[in-house]
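Dear colleague,

Please find below the structure that I am handing over to you. I would be grateful if you would look through it alongside the notes that follow.

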Amino acid sequence: MDNKRTVSYLTFASFPSRAAHAVHIMNMCRALAENGYRVTLYGHIKGESDLIYSHYGIETPFLLKSVHVGKARFLGRLAALVRMTAFIRRDTSDLLYTRDLFNGWAAARSGRPFFFELHELPDGFFRRRLLFFILKSVGLKRLIFISNRLKTLFEERFGLPPVSVRVAHDGVNLKDFLTERSKVDLRKAVNLPRDVFIAGYTGSLFPGRGSEIVLQLAERMPGMVFVLVGGEGRYLEDWRKRISSSGLSNIILTGYVPYSSVPSYLHAFDALLMPYQKKVLHRQAGHDTVEYMSPLKMFEYMAAGRPLISSRLPVLEEVLRDGDNALLVEPDNIKMWSDALLRVKADEDLAQKLSRQAGKDAEEYTWSKRVRLIFDEGRED
């Protein structure tokens, strides 16, 4: 990348936080630092640097600079944008990097070289105006898409500017999933029952993520335990009420757990569930990402050494292969889900085969390799 060794990552995300995008950003900065870049993360820093590094398991630290973001979503970001613009003027890095439209606009306006990473298709007049300004900028050097499908949809809707393009799925830090502790010890550590088959899920409880499927499985399969790791706010409370009223004793809600604790839960399970539905919403109400998402949990599941059962969705099949590194089932077919669980429970050879291949494939999706793909290290083209 023309020997550029200093990168400033621009974001309005808060650190530490419970959001998946914050995990993504911290892992990108960690991987950049581990690859020899001098990294500055401009974001809403809400604590001491050492505590933030510890929260995300960061061993190769980088510079954190705080840009306060108010609680008001739109006005808060506008005010933060003024502060970020001032930081950009004083920043001397070789390259700016961002994944949000506001900071993409600020980078484009500065005229400096920048990379822009896309995780969704911008909608609405204002967001599209920001996008077009970014795409026309002389400073834009690279577009990064999190899936091939997102790249295709983006090109159909907006066209591609004359800059280089990379498709880079989300990633995983394999060191986070190294453990010598037994499943029994891990279950004791996270307070899970010992002598029972446990199917687990990690992530939010937003609509479309599959918690409804887990509830139906718990009703059909009383001899198994189902654990939902994550969730917060009204979604978590709603699910606690539903489980309480259902009378089910084989479903466990943990609520939010620190990111550093997720590997312990995954290792404690016998099977991992990724039951995305045909419409998947996130924090932005009404925003459906099912066609082009690249879930962080998919790569964490693959690295965890447990058989993965996933919805059969075209974008997930960019990574997952039925019968090879996962079992793929129709999103809303509860019989297929229960049959798949029974298969991996009854067939230890199949469970180990799926787990081994998923772990091997996860080696191709590390954050470090993602950085090298995006920044052209080792590429000959």
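Strand S11 (residues 271–274) and strand S12 (residues 308–311) run parallel and are joined by three bridges. Within this pair, Leu 272 has Leu 308 in S12 as its bridge partner. Please bear in mind that the model is a predicted one.

These two strands belong to an open sheet of six strands with parallel pairing, in the order S10-S9-S8-S11-S12-S13. Strand S10 (251–255) and strand S13 (327–329) form its edges, each pairing on one side only. From one strand to the next, the twist averages 20°. Helix H8 (residues 211–220) packs on this sheet and touches strand S9 (225–229), S10 and S11. The direction of H8 makes about 160° with that of S9.

**The seven-stranded sheet**

Another open sheet is formed by seven strands, again with parallel pairing, in the order S3-S2-S1-S4-S5-S6-S7. Its edge strands are strand S3 (63–66) and strand S7 (164–167), each of which pairs on one side only. Neighbouring strands here are turned against each other by 20° on average, direction ignored. Strand S2 (residues 38–45) pairs with S3 over four bridges in the parallel sense, and Leu 41 stands opposite Leu 64 in S3.

Two helices may be viewed together with this sheet. Helix H1 (residues 20–34) lies across strand S1 (6–15), S2, strand S4 (95–98) and strand S5 (114–118), and runs at about 160° to S1. Helix H6 (residues 148–158) packs on the sheet, where it touches S5, strand S6 (140–145) and S7. The direction of H6 makes about 120° with that of S6.

**Helix H14**

Which residues of helix H14 (residues 367–374) are buried? They are Trp 367, Arg 370, Val 371 and Ile 374. Seen down the axis of H14, these buried residues fall within an arc of 100°, so they line one face of the helix. An α-helix has 3.6 residues a turn, so residues three or four places apart point the same way. The buried residues of H14 pack against H1, S4, S5, S6, S7 and helix H11 (296–303). Just after H14, Asp 376 takes a positive phi of about 70°.

**The second largest pocket**

The second largest pocket holds about 260 Å³ of space. Its lining consists of 15 residues, and Gly 305, Arg 306, Ala 351, Gln 352 and Ser 355 lie nearest its centre. Helix H12 (334–346) and helix H13 (348–362) are the elements that give two or more residues to this lining. The largest share, seven residues, comes from H13.

Technical notes: Residues are numbered from 1 along each chain as its sequence is written. This is a predicted model: local features need pLDDT of at least 70, side-chain atom pairs count only at pLDDT 80 or more; totals for chains, interfaces and linings use all residues. Side-chain values use heavy atoms; hydrogens and water are left out. Two strands pair if DSSP finds at least two bridges between them. Axes are lines fitted to C-alpha atoms, for helices over the stretch in contact, and angles run from 0 to 180 degrees between N-to-C directions. Contact means heavy atoms within 4.5 Å. Buried means under 20% relative accessible area, exposed over 50%, partly exposed in between (1.4 Å probe, protein chains only). The arc is that of the directions from the helix axis to the C-beta atoms. On a 1 Å grid over the protein atoms alone, a cavity is a set of points where a 1.4 Å probe fits but cannot get out, and a pocket is an open set with protein on both sides within 12 Å along at least five of seven lines; lining residues have an atom within 4 Å of a point. Grid points are joined across faces, edges and corners, and a volume is the space filled by probe spheres set on the points.
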